[in-house]
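User: Can you walk me through this model? I'd like strands and then pockets.

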Amino acid sequence: MSFLVKPVLHTYFRSSCTWRVRIALALKGIEYDQAPVNLIKDGGQQLSSKFTDINPMQQVPSLEIDGITLSQSLAIIQYLDETRPKPRLLPEDAKKRAYVRMISDLIASGIQPLQNLMVLQKLGDGERLGWAQSYITKGFHALEKILDCTAGQYCVEDEVSMADLCLVPQVYNAERFKVDLTPFPTITRINQALMELEAFKVSHPSRQPDTPPDLRA
Ligand SMILES: O=C(O)/C=C\C(=O)CC(=O)CC(=O)O
């Protein structure tokens with residue numbers, strides 16, 4: 001049975017998209033091995049032909065699981081949820097599930113790709129911070145408004161969902177790029193509540209096997 005083979009996560013400690021998957025694996029109690037891919041070293045190990053065979057998009061995360069190799073964090077999370085349903089990360093109710101996907105897509109398609117390494121590397125040194133800040137801030141204004149309708153304790157009412165797995169790593173990036181979070185009290189409150197949970201702590205970029213010593217918690 002392929003369920004008996006430990007999954008392998010191709011990961012980078014600071015990749016926000018990989019962190020989403022690490023949270024899902026932790027919440028569901030799935031044991032896995034990590035295969036670190038250093039996105040900076042050697043000009044970017046994700047560009048190697050060996051890794052390109054694993055993910056032709058040359059990005060992390062990729063997850064080898066159940067005899068298949070998956071990439072794209074939301075596809076991975078939804079596969080995990082369909083095959084290992086507890087605790088569920090997509091609500092049973094269709095409207096709540098749509099909210100979860102809407103918030104996840106807002107972050108995963110509408111914010112993160114505009115500030116990822118591939119894009120920032122195209123910009124000059126002096127342009128990167130302002131670029132990242134402007135797209136995160138624009139996205140967060142929309143997200144704050146949406147959360148005011150959907151949130152309870154977490155992004156969609158009171159159950160942790162895929163939306164929360166997207167929110168926390170995006171707030172980490174916002175802090176990394178020194179975004180002013182004072183206009184976003186709901187985002188800030190939900191982030192703080194989620195960071196109390198063990199699955200979000202153990203998967204944090206500061207606590208991974210490939211975290212450099214100076215960035216360790
Ligand atoms: O500067 C580095 O250490 C390299 C890459 C990252 O952090 C990952 C990203 O591209 C940002 C992200 O996942 O949102």
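User: What is the bridge partner of Ser62 in β4?
Analyst: Ser71 is the partner of Ser62. This is a predicted model, where local features need pLDDT of at least 70, side-chain atom pairs count only at pLDDT 80 or more, and totals for chains, interfaces and linings use all residues. Residues are numbered from 1 along each chain as its sequence is written, and side-chain values use heavy atoms, without hydrogens and water.

User: In what sense do β3 and β4 pair?
Analyst: Antiparallel: β3 (residues 62-65) and β4 (residues 68-71) pair over four bridges. Pairing takes at least two DSSP bridges; strands are DSSP E runs of at least two residues and helices H or I runs of at least four, numbered from the N terminus.

User: And the turn?
Analyst: Two residues separate β3 and β4 in a hairpin, and Asp66 in that turn has a positive phi of about 55°.

User: Pockets now. What volume does the largest pocket have?
Analyst: About 910 Å³. A pocket is an open set of points on a 1 Å grid over the protein atoms alone, where a 1.4 Å probe fits, with protein on both sides within 12 Å along at least five of seven lines; lining residues have an atom within 4 Å of a point. Points are joined across faces, edges and corners, and the volume is the space filled by probe spheres set on them.

User: Why does it lie between the domains?
Analyst: Domain 1 (8-87) and domain 2 (94-200) both give residues to the lining of the largest pocket, so it lies between them. The bounds come from an automatic or database domain assignment.
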